[in-house]
Amino acid sequence: MSGPSRRVVLTGSLTAALALGSGTAHAAARLPALVSRMTLEEKVGQLFVTRVHGHSATAPDPADSAANLAEFGVRTAAELIAKYRVGGVVYFGWAHNTRSPHQIADLSNGIQTASLAGPRGLPVLIATDQEHGAVARVGGPATLFPGAMAVGAGGSRADAFTLGRISGAELRALGIRQDYSPDADVNIDPANPVIGVRSFGADPRAVARLVTAEAAGYRASGVAATAKHFPGHGDTAVDSHTGLPVITHSRERWDRLDAVPFRAAVRAGIDSIMTAHIVVPALDASGDPATLSHPIVTGILREELGYDGVVVTDSLGMQGVRQKYGDDRVPVLALKAGVDQLLNPPNLELATRAVLAAVRGGELSEARLEESVLRILRLKARLGLFEQPFTTGAAVDRTVGTAAHRRAADQVAQRTTTLLVDKDRLLPLSCRTHPRLLVAGADPQSPSGTDGPPTAVLANALTGLGFTATALPTGMEPTAAAIERAVAAAKDADAVVLGTYDLSATSTQLTLVERLLATGRPVIAVALRNPYDVARLQGVHACLATYSWTDPELRAAARVIAGRAAPRGRLPVPVRRADDPARVLYPLGYGLSYRDYA
């Protein structure tokens, strides 16, 4: 892949170059004049960040072209840019934006070429959700790191910075300049269905330290980090994708818990903050979600916390923000609340027309729009997008998924594995006394481009460490037949390694555990996602928490099982008893070490 020619760059960005001059500081100084010359339609377009279907800006597959036509009235990303003048685009795997590194870079360049050819020649801020761990829109061969809760278990600010620096460098090489990460939520509800292991943990000060470290890493690589989800989504049993959560914290509790990481992020100069579609009556008694709340976005975030950076909504296609108001009112109310970027509206045409009508009708002033447009353009200028909006194939080759980056991810992962149970000092396991291993359990879908499902990754890693390990997936809810197959296989093994995933009181995974224990073989459980699984696994001989199931985390767990590395992680959340949630089973900071046996 080669980048756009110098002629294309100069032609496409001529207007912006004349308006802004050269150099980031010079460009930023001239932005107010540029905004004053923009049409109302151009200003409105800059506020929107939209999805688009397809791997190419000009030649998507027929199905993606048809999807774009149905949703946007155009067939390609280039046509979408020309029609709506959007200021941002967000990439998703399901939209076929992220197939391979060179394809992603080509798509980014195509989007920038289309935008620079417009009347004002403005670059696009391309974004994605690359949290790592459970949420990674860009898969392998890009480097995949452990997720936030795993990093929280490691507790290292240096590791959080490394994650941000390397992830940022790879995203930048792909043409992605805004990442909706890190997650600044303080997760204190074990049943939280939407945050959970995406959070660094339950200690607000520890979360704050890791949020600011990761954000600093992204900034060092020239990518805008985004602290989310303000004012704090860590204590809810409702998923805002499907409903409207209500957070019942008092103002004092919010100040002491949820606000701490966001205050730290603001003090550190975070580039952007994402709002949550949650109701917090102590902060706004109107019943409006925070995304649409002037008291929360302007009164607290802007005025009390002093934040003047870019505020972006969570996706406007989520039910949490659509439950009370129609899709035509949501973007208008978000802007009135003080938001800058309107992310992924379900109907871009309707949303655009609604904002235009609100300005022309006097509900929104053009001056209010210009405040947000100026913040967005200043961020683009700070990222250097006016000077160099394109990436190159050479940048992809020298940056994305390099051996050094992958080694760094493995090193970070090695400091996160948490040993919670080890009866009779079964671990570390010896390939001399337990040479044959059965690796069974759940196989949650892994990010694209990984080495395979968890059972296969664990089995391969353990085989590479001297064991004879056989993978036998049993599913998220094992059937009676799957359980019988696992029991039969266990009888021919010396020990069983069992991956668990989000155990509930009624899960048939527990039946599988009981039947495997009845064989008399040692059972080593690996909690693939939530460390809370251990509360329902008190009968197993050993239990480790990996906090997610990307390759580095699973390889690290295998090395701990085999004694090639010591378990170094400590619980970043407390684990309560399954039979008495009022009592703590394992406290914050708990974790066994092989040194304890010395």
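Is Pro581 buried or exposed?

**View 1. Pro581 in a loop of the predicted model.** In this predicted model, Pro581 is exposed, because its relative accessible area is 52% and a residue counts as exposed when that value is over 50%. The residue has its place in the loop between β17, which covers residues 575-576, and β18, which covers residues 584-586. Although Pro581 and Ala535 are 46 residues apart in sequence, their C-alpha atoms are 9.8 Å apart in space.

**View 2. Asp284, a buried residue without a salt bridge.** Asp284 is found in the loop that lies between β8 (272-275) and α14 (294-304). This residue is buried, and the nearest side chain of opposite charge, that of Lys324, is 7.8 Å away, whereas a salt bridge needs a nitrogen and a carboxyl oxygen within 4 Å.

**View 3. The surroundings of Asp284.** The side chain of Asp284 makes a polar contact with the side chain of Ser293 at 2.6 Å, and it also reaches the backbone nitrogen of Ser286 at 2.9 Å. When residues up to four places away in sequence are not counted, Asp284 touches Ser293, Pro295 and Ile296.

**View 4. The crossing of helices α10 and α11.** Two packed helices are described by the angle between their axes and by the distance between those axes. Here the axes of α10 (residues 157-173) and α11 (residues 204-220) come within 7 Å and cross at roughly 35°, and the crossing is right-handed. Residues that make the contact include Ala160, Gly164, Gly168 and Leu171 of α10, together with Leu210, Ala213, Gly217 and Ala220 of α11.

How values were computed: Residues are numbered from 1 along each chain as its sequence is written. This is a predicted model: local features need pLDDT of at least 70, side-chain atom pairs count only at pLDDT 80 or more; totals for chains, interfaces and linings use all residues. Side-chain values use heavy atoms; hydrogens and water are left out. Helices (H or I, at least four residues) and strands (E, at least two) are DSSP runs, numbered from the N terminus. Buried means under 20% relative accessible area, exposed over 50%, partly exposed in between (1.4 Å probe, protein chains only). Lys and Arg count as positive and Asp and Glu as negative; His and the chain ends are not counted. A polar contact is a pair of N or O atoms within 3.5 Å; within protein, one must be able to donate a hydrogen and the other to accept it, and residues adjacent in sequence count only if both atoms are side-chain atoms. Contact means heavy atoms within 4.5 Å. Axes are lines fitted to C-alpha atoms, for helices over the stretch in contact, and angles run from 0 to 180 degrees between N-to-C directions. A crossing is left-handed if the near helix is turned anticlockwise from the far one by less than a right angle, and right-handed if clockwise.
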